[in-house]
Amino acid sequence: LESRMETIQKRRQLVQNKLNAVTEALEEKVGIRDSLEAKVAKDLEANSQYTALRQEAQNITTQVQTAETRHEDAVKEMADKTPEYRANKLFVYLMGRKFGMEEYRGNPITRWLDSMVAQRVDYSPNKKNYDELMQRPGDIQKLISSYKTSLETTVIAMQELEREASDKHGLTAAEKECLPN
């Protein structure tokens, strides 16, 4: 039993020594990686193209956030105001008839009556406001999509410069070396 315990202790010590060696090697690799990352960061910080792209990305991100807030406000405004327009039966009637649009049709009496109704409900400015109210969220969403496309292009350009700097300083190779095969 004692010899078995000694054998186990020796194995345990061997495993511990191996673990210590692996831990040391890992710490050394981490130190090398940290050093290389610092060199890459310093290189990128000195790269005017990269700093300009980073600033552009920050500006676009701010624009996206602002536009998203505007979109939320436009959707809320649309939800709040749409019921008023839809509650006005004469306004809804004229919209349904496509009054004031190319598609509007009717005999002369109907057209005359419709124009009297339109004057009564102040149709033209209300229809313009209604259309703008309904269109605004979609317009802002298109703007957000455009901003996001610009941001994506900017980020891709930044990543390319980061990759080039990582390759230049050996960070890419060092990271590949640490990956399991």
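Helices here are DSSP runs of H or I with at least four residues, strands are runs of E with at least two, and both are numbered from the N terminus. Residues are numbered from 1 along each chain as its sequence is written. This is a predicted model in which local features need pLDDT of at least 70, side-chain atom pairs count only at pLDDT 80 or more, and totals for chains, interfaces and linings use all residues, while side-chain values use heavy atoms, with hydrogens and water left out.

**Stop 1: the whole chain**

Show the chain as a cartoon. The count is six helices and zero strands. From the N terminus on, the order reads α-α-α-α-α-α. Now zoom out. The C-alpha trace spans about 115 × 55 × 25 Å along its principal axes. The radius of gyration is 34 Å, whereas a compact globule of 181 residues would be near 16 Å (taken over C-alpha atoms; the globule rule is 2.2 Å times the number of residues to the power 0.38). Buried residues make up 19% of the 181 residues. Buried means under 20% relative accessible area, exposed over 50%, and partly exposed in between, with a 1.4 Å probe and protein chains only. Of the contacts with a separation of 6 or more, 77% join residues 24 or more positions apart (contact: heavy atoms within 4.5 Å).

**Stop 2**

Select Lys 98. Lys 98 sits in the loop between helix H3 (89-96) and helix H4 (108-120). Its phi is positive, about 65°, although Lys 98 is not a glycine. Most residues other than glycine have a negative phi. With a relative accessible area of 38%, Lys 98 is partly exposed.

**Stop 3**

Move to Asp 122, in the loop between H4 and H5. Asp 122 also has a positive phi, near 55°. Its relative accessible area is 44%, so Asp 122 is partly exposed.

**Stop 4: where H1 meets H2**

Select residues 2-46 for H1 and 48-87 for H2. At what angle do the axes of H1 and H2 cross? They cross at roughly 80° and come within 5 Å. The axes are lines fitted to C-alpha atoms over the stretch in contact, and angles run from 0 to 180 degrees between N-to-C directions. H1 and H2 are therefore roughly perpendicular (65 to 115 degrees; under 35 is roughly parallel, over 145 roughly antiparallel, the rest oblique). Show the side chains of the contact: Leu 44, Glu 45 and Ala 46 from H1, and Ser 48, Tyr 50, Thr 51 and Arg 54 from H2.

**Stop 5: the largest nonpolar core**

Select Leu 36, Val 40, Leu 44, Tyr 50, Leu 53, Ala 57, Met 158, Leu 161, Ala 165, Leu 171 and Ala 174. These eleven residues make up the largest nonpolar core. Such a core is a set of buried Ala, Val, Leu, Ile, Met, Phe, Trp, Tyr and Cys residues joined through side-chain atoms within 4.5 Å. H1, H2, helix H5 (123-169) and helix H6 (171-178) each supply at least two of its residues. Center on Ala 165. Beyond neighbours within four places in sequence, Ala 165 touches Val 40, Asp 43 and Leu 44. A second, separate core has ten residues, among them Phe 99, Tyr 104, Val 121 and Tyr 123.

**Stop 6: along H2**

Pick Thr 82 in helix H2. Is Thr 82 buried or exposed? Thr 82 counts as buried, at 6% relative accessibility. At 34% relative accessibility, Val 75 is partly exposed. Draw a C-alpha to C-alpha distance from Val 75 to Asn 59: 24 Å, for residues 16 apart in sequence.
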